[in-house]
Amino acid sequence: MQLSDEERDELRDSARKFLDNEVGSQRVRSLLDDPEGLDRKAWATVAGLGWAAILIPEEYGGMGASWAEMSVILHEVGRRVAPLPLLSSAVLGVEALVGGSSEALRAAWLPDVAGGERILTVAAMGRTGSVVPSELGAVLTSSGGLRLTGSARFVPDAHIADGIVVAARDASGAVTYVLVEPSAAGVTIEVEATVDQTRRLAWVHFDDVAIGDEALLVEPGAGDALHDRVTAAGAVAVCADAVGAAEQMLFTSSKYAVDRHQFGRPIGSFQAVKHHCANMLIAVEASRAAVAFAVDGLDDPSVSVGEAASVAKSFAGPACAEACQLAVQVHGGIGFTWEHDAHLYLKRTKLDESLFGSTGWHRRRLGRQILVG
Amino acid sequence: MIEELEALEPFRDEVRRWCAEHVPPNWRTEQAGADHHQFAAFHRWWGTRLREAGYFAPHWPAEWGGGFSLLQQVVLGQEFARADAPRNGLYQVALYNAGPSIIHAGTDEQKARFLPGILDGTVWCQGFSEPNAGSDLAGLQTRAVRDGDHYIVTGQKVWTSLAMEAEYCILLVRTDPTAPKRKGISYLLMDMKSPGVETRPIRQATGQAEFCEMFLDEVAIPVENRLGAENDGWNVTQATLSSERGAVLVELAERLLRNGTLALAEATKGWTNDEGQVASQDPAVQEILGARYAESMALRQLLNTMVTNVIRRGGVGPEASVVKLFYSELLQRIMKDAAGIAGPSAQNAQPALMSAGWESGAWLYDYINAFGWTIGGGTSEIMRNIIGERVLGLPRDPEPKGA
Ligand SMILES: Cc1cc2nc3c(=O)[nH]c(=O)nc-3n(C[C@H](O)[C@H](O)[C@H](O)COP(=O)(O)OP(=O)(O)OC[C@H]3O[C@@H](n4cnc5c(N)ncnc54)[C@H](O)[C@@H]3O)c2cc1C
């Protein structure tokens with residue numbers, strides 16, 4: 001089901017209204033030091049609204065909608081730096097199951113994931129946030145049945161997940177996607193304290209975890225294409241989040257530039273400040289466009305998902321973080337306080353910028369692609 | 001390097017030996033996570049060590065416990081940076097603002113009253129900025145009304161670094177509300193224990209509470225604590241602000257080179273890039289390191305030029321306005337690049353290290369902390385205005401109507 005433009009606008013408006021009212025700055029702040037770091041109340045509501053179900057096909061109780069809709073929600077969630085498990089469950093987890101070849105796992109998980117009753121996540125990044133298969137920290141061996149060893153880092157929401165899909169590499173370097181339950185013998189989860197406190201990332205360690213055939217999302221070693229897809233989705237998702245965050249900071253900063261007076265004038269009348277705001281707008285609008293390009297790519301099976309992701313990451317990742325840096329600068333001393341929201345946005349966009357492959361790697365990949373064709 | 005420095009090799013050896021003996025080797029690990037009280041206690045301890053060696057106020061005149069030549073100060077800064085000595089952070093305002101202002105504008109009686117205390121480790125803070133007077137400092141509104149031999153002061157200050165630890169405050173107040181704004185300001189030395197002074201720590205973006213709001217409610221400050229003439233405080237301030245941006249930067253630039261650029265280069269040897277290559281061997285990383293190294297060396301050379309100009313010509317050139325801006329933005333760039341190369345690992349929240357200033361080794365934290373430089377002490381935008389107007393002689397911004 002593809003929404004019409006009007007329906008999509010309605011989705012945006014209702015999401016915005018809900019988040020503004022229910023997941024405002026105070027609410028976000030009250031959860032910064034919370035060990036779980038998840039707004040359970042808001043999650044129940046938005047799951048009821050179908051946010052977790054957007055990319056899930058209708059046959060599994062989902063909306064069967066497209067990335068165009070998903071990105072609207074991710075953008076709004078970024079605007080409020082909201083602590084909701086959308087990246088982990090609604091994007092990564094769903095993409096992995098939908099893109100995988102296990103009908104049984106889809107049937108077993110997706111209906112609950114659609115309703116938000118169960119949360120999924122995917123361990124898809126290597127030590128440095130890399131998405132290159134050889135860098136994956138989880139290793140699949142097949143001596144006497146499949147076994148999982150090693151550690152995955154930067155796994156979003158692993159501490160609250162009911163299922164963790166693990167991108168594991170085998171001896172030949174090929175990728176397999178397997179689903180483990182956090183309670184399985186040999187799985188330990190360790191939340192990592194991060195500078196961005198609006199989200200939780202975890203180490204997941206695997207100590208010789210037995211993997212049954214029913215846990216395979218793909219045939220062993222046949223997960224490379226799925227890995228490309230899932231990590232591209234993650235990359236586009238964090239960029240959509242960053243655009244939302246940067247847009248909010250643009251709004252806050254240009255308002256402040258009008259309200260704040262120094263030297264008997266609004267600071268926005270000083271060209272230095274005016275240009276900072278203009279540069280933020282350019283960053284936001286161009287980033288929005290880069291993400292829109294990437295979103296189209298994810299919805300169009302004929303396009304390389306890698307290119308889509310790399311366009312978003314190469315441009316929107318750093319540009320949105322830069323816009324948030326300018327936001328702090330435009331606010332002067334106030335912008336440097338904990339009490340002001342600017343730091344929450346800066347930290348969030350810095351994290352967005354760093355996940356699912358570095359900016360440099362995405363740029364080099366694009367460069368190689370246009371050279372080689 | 002400046003030739004005259006060669007003659008200072010024996011002095012350098014002496015300082016180097018002293019550092020080898022006195023810099024606590026594990027201070028970074030021990031100070032990680034310290035709050036501002038622990039930070040202050042550690043810095044008081046370190047200040048005592050510096051005083052014992054005679055290195056506490058090297059830039060002050062000899063009669064006030066200093067008397068080190070500018071080049072000796074350069075050597076000291078270089079050696080402290082080289083030894084990764086803790087910064088002398090707690091005493092910045094006392095040593096670089098309050099002290100020099102008192103030496104410059106104080107009466108003999110004021111010098112005798114306040115300078116020995118500073119040399120003994122009195123902590124001072126700087127109560128200049130107000131909620132409505134940041135970049136437009138001269139627009140400050142804290143009122144001081146003369147009542148016999150006291151000023152009665154009421155108003156609010158903000159962003160006052162370490163006010164909660166300070167025993168004294170250099171305070172700017174408005175004594176003539178009818179005069180043009182720069183001509184109605186007086187400069188007072190306020191005892192922080194005076195009744196009516198209340199400080200409230202403000203938490204910063206890094207999570208630390210290093211600065212405060214300061215509420216002044218009919219605080220009585222003796223007239224004899226006024227520095228300079230009544231309503232002439234702005235001129236006293238200008239002397240303070242220029243010393244704020246002077247010699248300290250030599251040491252900071254040296255620290256930035258070592259604990260910023262070179263420490264980052266070292267760190268990349270332990271990191272890998274997206275393809276698993278050791279980051280230090282990645283040409284893209286090398287290019288970034290090279291760029292920041294070149295800038296770090298240029299900054300160092302700018303400061304050499306500044307020092308040379310002071311020694312040879314008795315004054316500074318345009319480089320003096322450039323250094324603060326260049327330093328601030330280079331600091332921000334280095335830390336941003338470091339966080340970029342480290343990837344999401346830079347998000348790992350480590351206990352903050354206040355004592356290190358801006359090179360704690362937690363790159364993302366240091367990046368955020370760098371706003372202290374691009375905003376504090378005159379924002380980068382204001383610094384550019386100053387360069388445009390005072391160095392290049394470009395026309396000034398139009399005055400607002402009715403100013
Ligand atoms: C870490 C830190 C420590 C500090 N410590 C102290 C301290 O100990 N004591 C003290 O007195 N103060 C201190 N300050 C305050 C500091 O000096 C002020 O924050 C600074 O002068 C800026 O003022 P503001 O915060 O009011 O910002 P504003 O002046 O409101 O500036 C907001 C924005 O407008 C821009 N702007 C304003 N005017 C112009 C113009 N004419 N042209 C172009 N752009 C303009 C600024 O550059 C900035 O981007 C500290 C600040 C920080 C961040």
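This report describes the fold of chain A and its interface with chain B in a predicted model.

## Overall fold

Chain A contains 11 helices and nine strands. Its radius of gyration is 20 Å, close to the 21 Å that the globule rule gives for 373 residues, so chain A is as compact as a globular protein of that length. Along the principal axes, the C-alpha atoms of chain A fill a box of roughly 80 × 50 × 40 Å.

The contacts within chain A can also be sorted by distance in sequence. Of those between residues at least 6 apart in sequence, 74% join residues at least 24 apart.

## Interior and surface

Of the 373 residues in chain A, 61% count as buried, where buried means under 20% relative accessible area. The accessible surface of chain A amounts to about 13400 Å², and carbon and sulfur atoms account for 55% of this surface.

Chain A carries 32 positive and 48 negative charges.

## The interface between chains A and B

The size of an interface is often expressed as the accessible area lost when the parts come together. For chain B and chain A, the area buried between them is about 3900 Å², with 55% of it on carbon and sulfur atoms. Three residues, Asp274(B), Pro344(B) and Gln347(B), supply 20% of the area that chain B buries against chain A, which is more than any other three residues.

In terms of residues, 46 from chain B are in contact with 44 from chain A.

Key: Residues numbered from 1 in each chain as written. Chains lettered and ligands numbered in written order. Predicted model: local features only at pLDDT ≥ 70, side-chain atom pairs only at ≥ 80, totals over all residues. Heavy atoms only, no water. Helix = DSSP H or I, 4+ residues; strand = E, 2+ residues; numbered from the N terminus. Rg over C-alpha atoms; globule rule 2.2 N^0.38 Å. Buried < 20%, exposed > 50% of the residue type's maximum accessible area, 1.4 Å probe, protein only. Contact = heavy atoms within 4.5 Å. Areas by Shrake-Rupley, 256 points an atom, 1.4 Å probe, with all protein chains shown as cover. Lys, Arg positive; Asp, Glu negative; His and termini not counted. Charge placed at Lys NZ, Arg CZ, Asp CG, Glu CD. Buried area = accessible area lost by both parts, 1.4 Å probe.
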